[in-house]
Amino acid sequence: MRIAVISDIHSNIYALEAVLENIKEKDIDLVVCTGDLVGYGTRPNEVIETIKDNKILTIMGNYDDAIGNLKIVCGCDYKDPKDAEKAGLSMQFTGEVTSKENKEYLRNLPGEATFKFSGKTIRFVHGSTRLINEYLKEDSKEANEVMDELSEDILVCGHTHIPYYKYYGKKLLVNAGSVGKPKTNNPNANYVIIDIKSPNPLTNEESNVEVEIVEVGYDFEKTAKEIEANEILPNDFARLIRQGSAK
């Protein structure tokens, strides 16, 4: 079972289109999105419509929750008041332009999903199993706590915008990274492929799991220039797109 997991698109339609084209070349059985379709970028409706047109199973992200349920804040933990102010402008713009139908779609996204393939149980969330906006950074206290409590074999999340995978004992944590707003100091979009191998009845070998982090180039200048031409969104968002930066 080959699963492509995308996450944190953040209204960046050009990155999403490039990633979906790349996925077509990868012999994928299932595509899952771990949320945050909207926010930051200029094209929330186009992103949502593309996700719907491709029938991609999508988990609710904190931005999806905020826009779908008409909340004032996105639920991120901003230490710098200036970052919180910029996020507020993102919320304002996204809330104004996202259609009523698409807000309803966001509002009705599931909070998580669990499947079993080849004897492995895999659980998809946005932030963590505890909170929609909890960051499970690699080797963090939060990641260790969540994985210690996890009953499934594999946990897949997003929210940090940095792709990685790591075993905690026999349990695997996979972060899908970010399609539309990476924080890898590289502007290219990224996503992950989780390949759950079927057990071999001839050798009595159990199923095993392989993870690949995929990087996809796209016309990020087009995204950045649209942000700069926008009258509400901060120009600094364009810099973050160009640099693939968190700050």
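At what angle do helix α1 (residues 13-23) and helix α2 (residues 44-53) pack, and how far apart are their axes? The two helices pack at an angle of about 25°, with axes 9 Å apart. The model is a predicted one, in which local features need pLDDT of at least 70 and side-chain atom pairs count only at pLDDT 80 or more, while totals for chains, interfaces and linings use all residues. Residues are numbered from 1 along each chain as its sequence is written, and side-chain values use heavy atoms, with hydrogens and water left out.

**Helix α1 and its partner α2**

Helices (H or I, at least four residues) and strands (E, at least two) are DSSP runs, numbered from the N terminus. Axes are lines fitted to C-alpha atoms, for helices over the stretch in contact, and angles run from 0 to 180 degrees between N-to-C directions. The angle between α1 and α2 makes the two helices roughly parallel; angles under 35 degrees count as roughly parallel, over 145 as roughly antiparallel, 65 to 115 as roughly perpendicular and the rest as oblique. Ile13, Leu16 and Leu20 of α1 meet Glu46, Val47, Thr50 and Ile51 of α2, where contact means heavy atoms within 4.5 Å. The residues of this contact divide into 5 nonpolar, 1 polar and 1 charged. In this classification Ala, Val, Leu, Ile, Met, Phe, Trp, Tyr, Cys and Pro count as nonpolar, Asp, Glu, Lys and Arg as charged, and the others, Gly among them, as polar.

**The sheet containing β9**

An open sheet of 5 strands has the order β3-β2-β1-β9-β10, with mixed pairing; two strands pair if DSSP finds at least two bridges between them. Its edge strands, each pairing on one side only, are β3 (57-58) and β10. Helix α1 packs on this sheet and touches β1 (2-6), β2 (30-33), β9 and β10, its direction making about 30° with that of β9.

Strand β9 (residues 189-196) pairs with β10 in the antiparallel sense over 8 bridges. Within that pairing, Ile194 has Val211 as its bridge partner in β10, and Asn190 stands opposite Glu215. Strands β1 and β9 also run antiparallel, joined by 4 bridges, and the bridge partner of Ile3 in β9 is Ile194.

Because 8 of the 8 residues of β9 are buried, the strand is largely enclosed by the rest of the structure. Buried means under 20% relative accessible area, exposed over 50%, and partly exposed in between (1.4 Å probe, protein chains only). Both faces of β9 are covered: Ala189, Tyr191, Ile193 and Asp195 are buried on one side, and Asn190, Val192, Ile194 and Ile196 on the other.

Gly217 lies in the loop between β10 (209-216) and α7. With 48% relative accessibility, Gly217 counts as partly exposed. Gly217 and Asn188 are 29 residues apart in sequence, yet 4.8 Å apart in space, C-alpha to C-alpha. Leaving aside neighbours within four places in sequence, Gly217 is in contact with Ala18 and Asn188.

**The sheet containing β4 and β5**

Another open sheet of 5 strands has the order β4-β5-β6-β8-β7, again with mixed pairing. The edge strands here are β4 (113-117) and β7 (164-168), each pairing on one side only. From one strand to the next, the twist averages 20°. Helix α6 (residues 141-149) packs on the sheet, touching β6 (154-157), β7 and β8 (171-175), and its direction makes about 135° with that of β8.

Strands β4 and β5 (residues 120-124) pair in the antiparallel sense over 5 bridges. In β5, Lys120 is the bridge partner of Phe117, and Arg123 stands opposite Thr114. The hairpin of β4 and β5 has 2 residues between the strands, and Ser118 there takes a positive phi near 50°.

In helix α8 (residues 236-243), Phe237, Ala238, Leu240 and Ile241 are buried. They cover an arc of only 160° around the axis, which puts them on the same side of α8; the arc is that of the directions from the helix axis to the C-beta atoms. The buried residues of α8 pack against α4 (81-97) and α7 (220-229). Just after α8, Gly244 takes a positive phi of about 60°.

Helices α7 and α8 are roughly antiparallel to each other. Their contact has 6 nonpolar, 1 polar and 4 charged residues. The two helix pairs are set out below.

| Helix pair | Angle | Distance between axes |
|---|---|---|
| α1 and α2 | about 25° | 9 Å |
| α7 and α8 | about 170° | 8 Å |
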